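Trainee: I would like a close look at one part of this model. Please take the salt bridges and walk me through them.

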Amino acid sequence: VVQGPEDIPKLLYEAVSAALSLKKGPAVLLIPKNIQQSHIKEKGAYFFKTPRKLIKSISREIVEQQKKLIEDLALDPNIKRILFVLGKESIPLDVKKIMLKCSNILKAQVAVTPGALCAFPNDMPNFVGCIGISAHSSALQAAADADLIFIIGTSLRVMERTLVENIIKQKNYAIISSEKSHIDFCENAGKSFQYQWKGDVL
């Protein structure tokens, strides 16, 4: 609970940092009504400060894990058709750049979830559209044809896995997400990142 208006910048910074940490979740900051209507007289060190370094470190960890799995995929002769599915955690610029490069090297197709429409350029020839509740037929066909579905930056909540969940269950797949997967065969809760291969943690 905020005790005074001067406390707001620091506590807000801490709340946002907690919400963006690797154990993502809601952060509650209670601001009494009388303080909401007050003015901050002294602009301290946390005034308009945002935890940019923390956001950068999360995206960098995701990128590093992607690199390792993608290197493994490139060496597997049985995997010829790959579909990348990018979620909202793939939106940061450094993740988009590596996906552009890796999808080109692996000749992979790319789909996005409804919450990540800007995660990959939609004018690229290997972009097949959106999956989930607003799925494009081209994205569903790409999933059906894929030898591997590589899901990055999403835990596949219900709006994201609608229409494609049964296809994923029949495929080789890998998932990288900072949240527990919502696919029903995930049994490993509480890990910062999850790596799955036919339901098993890598």
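Mentor: The model is predicted. The count comes to four salt bridges. Among them, Arg-161 and Glu-165 meet through their side chains, at 3.2 Å from N to O. Arg-161 is buried, with a relative accessible area of 16%. Glu-165 is buried as well, at 18%; the cut-off for buried is under 20%. Glu-165 also pairs with Lys-169, at 3.7 Å from N to O. Lys-169 and Glu-165 are four residues apart in helix H7 (residues 165–169), so about one helical turn separates them. Lys-169 is partly exposed, at 34%. Shared partners join Arg-161, Glu-165 and Lys-169 into one network.

Another bridge links Asp-147 and Arg-81, with the closest N and O atoms 3.6 Å apart. Asp-147 lies in the loop between H5 and S4, and Arg-81 in the loop between helix H3 (52–74) and S1, so the pair ties together parts 66 residues apart in sequence. Arg-81 is partly exposed, with a relative accessible area of 48%.

Now the strands. S1 (residues 82–86) and S4 (residues 148–152) run parallel, joined by five bridges. Phe-84 stands opposite Phe-150 in S4. The open sheet has five strands in the order S3-S2-S1-S4-S5, with parallel pairing. S3 (127–130) and S5 (172–176) each have a single partner strand, so one side of each lacks a neighbour in the sheet. Helix H5 (residues 137–145) lies across S1, S2 (109–112), S3 and S4.

Last, confidence. The protein averages a pLDDT of 76. Over residues 185–202 pLDDT stays under 50. Where pLDDT is low, predicted coordinates should not be read in detail.

Conventions. Residues numbered from 1 in each chain as written. Predicted model: local features only at pLDDT ≥ 70, side-chain atom pairs only at ≥ 80, totals over all residues. Heavy atoms only, no water. Pairing = 2+ DSSP bridges. Helix = DSSP H or I, 4+ residues; strand = E, 2+ residues; numbered from the N terminus. Contact = heavy atoms within 4.5 Å. Axes fitted to C-alpha atoms, helices over the stretch in contact; angles between N-to-C directions. pLDDT = per-residue confidence, 0-100. Buried < 20%, exposed > 50% of the residue type's maximum accessible area, 1.4 Å probe, protein only.
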